[in-house]
Amino acid sequence: MKLETQNSYITNPQFTGGVSVSPISGSAFAEANANNPQFGFVAGGLYVGTVGSIVVKTYDQSVITFASASGFIPGIITAVSASSTAQNIVALK
């Protein structure tokens, strides 16, 4: 898989694709879990194209905030909160 932005690109044969992420809030974020992931699949990581904070929910329902996130964020992720300031986020399959 190859993800490309205006200034850089990443390649990783571990991933088979990705989807653009629209962060969610409220009950949608609260209800996201391994059986009901926001993206239609449990992501193996995220790619953050524009620096900012990112709030994610993991496979085990933990909520984690990454400050000044950019590039590849590894993890088993089920949702991204609308309180995130990062942009151009891709959930990796």
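The questions and answers below go through the terms used for this predicted model.

Residues are numbered from 1 along each chain as its sequence is written. In this predicted model, local features need pLDDT of at least 70, side-chain atom pairs count only at pLDDT 80 or more, totals for chains, interfaces and linings use all residues, and side-chain values use heavy atoms, with hydrogens and water left out.

Q: What is the mean pLDDT of the protein, and what does pLDDT stand for in a model like this?
A: pLDDT is the predictor's confidence in each residue, from 0 to 100. The mean for the protein is 87, and 83% of its residues reach 70 or more.

Q: Why is serine 81 called buried?
A: Buried means under 20% relative accessible area, exposed means over 50%, and partly exposed lies in between (1.4 Å probe, protein chains only). Serine 81 has a relative accessible area of 9%, so it is buried.

Q: Where is serine 81 found?
A: Serine 81 is in the loop between β5 (63-80) and β6 (87-92). Strands are DSSP runs of E with at least two residues, helices are runs of H or I with at least four residues, and both are numbered from the N terminus.

Q: What makes the pair of serine 81 and serine 83 a polar contact?
A: A polar contact is a pair of N or O atoms within 3.5 Å; within protein, one must be able to donate a hydrogen and the other to accept it, and residues adjacent in sequence count only if both atoms are side-chain atoms. The side chains of serine 81 and serine 83 are joined at 2.9 Å.

Q: Which residues is serine 81 in contact with, leaving aside its neighbours within four places in sequence?
A: They are Pro23, Ile24, Phe29 and Val55. Contact means heavy atoms within 4.5 Å.

Q: Why is serine 68 called exposed?
A: Serine 68 has a relative accessible area of 60%, so it counts as exposed. This serine lies in strand β5.

Q: Why is asparagine 88 called exposed?
A: Its relative accessible area is 54%, so asparagine 88 is exposed. Asparagine 88 is placed in strand β6.

Q: What is the phi of serine 68, and what is the phi of asparagine 88?
A: Serine 68 has a positive phi of about 55° although it is not a glycine. Asparagine 88 also has a positive phi of about 55° and is not a glycine. Most residues other than glycine have a negative phi.

Q: Why is isoleucine 76 called partly exposed?
A: The relative accessible area of isoleucine 76 is 45%, so the residue is partly exposed. Isoleucine 76 lies in strand β5. Not counting residues up to four places away in sequence, it touches Val42, Ala43, Lys57, Thr58 and Tyr59.

Q: What makes a set of residues a nonpolar core, and how many residues has the largest?
A: A nonpolar core is a set of buried Ala, Val, Leu, Ile, Met, Phe, Trp, Tyr and Cys residues joined through side-chain atoms within 4.5 Å. The largest has 15 residues, and those with the most contacts inside it are Phe39, Leu46, Ile54, Val80, Ile89 and Ala91. The elements giving two or more residues to this core are β4 (43-58), β5 and β6. Strand β4 gives the most, with 5 residues.

Q: How do you know that β4 and β5 pair?
A: Two strands pair if DSSP finds at least two bridges between them. β4 and β5 have 13 bridges, in the antiparallel sense.

Q: Which strands pair with β6?
A: β4 and β6 pair in the antiparallel sense over 5 bridges, with valine 48 opposite isoleucine 89 in β6. Strand β3 (residues 18-20) and β6 pair in the antiparallel sense over 3 bridges. Here glycine 18 stands opposite leucine 92, and valine 19 stands opposite alanine 91.

Q: Why are β3 and β5 called edge strands?
A: The open sheet of 4 strands has the order β3-β6-β4-β5, with antiparallel pairing. β3 and β5 are the edge strands: each pairs on one side only.
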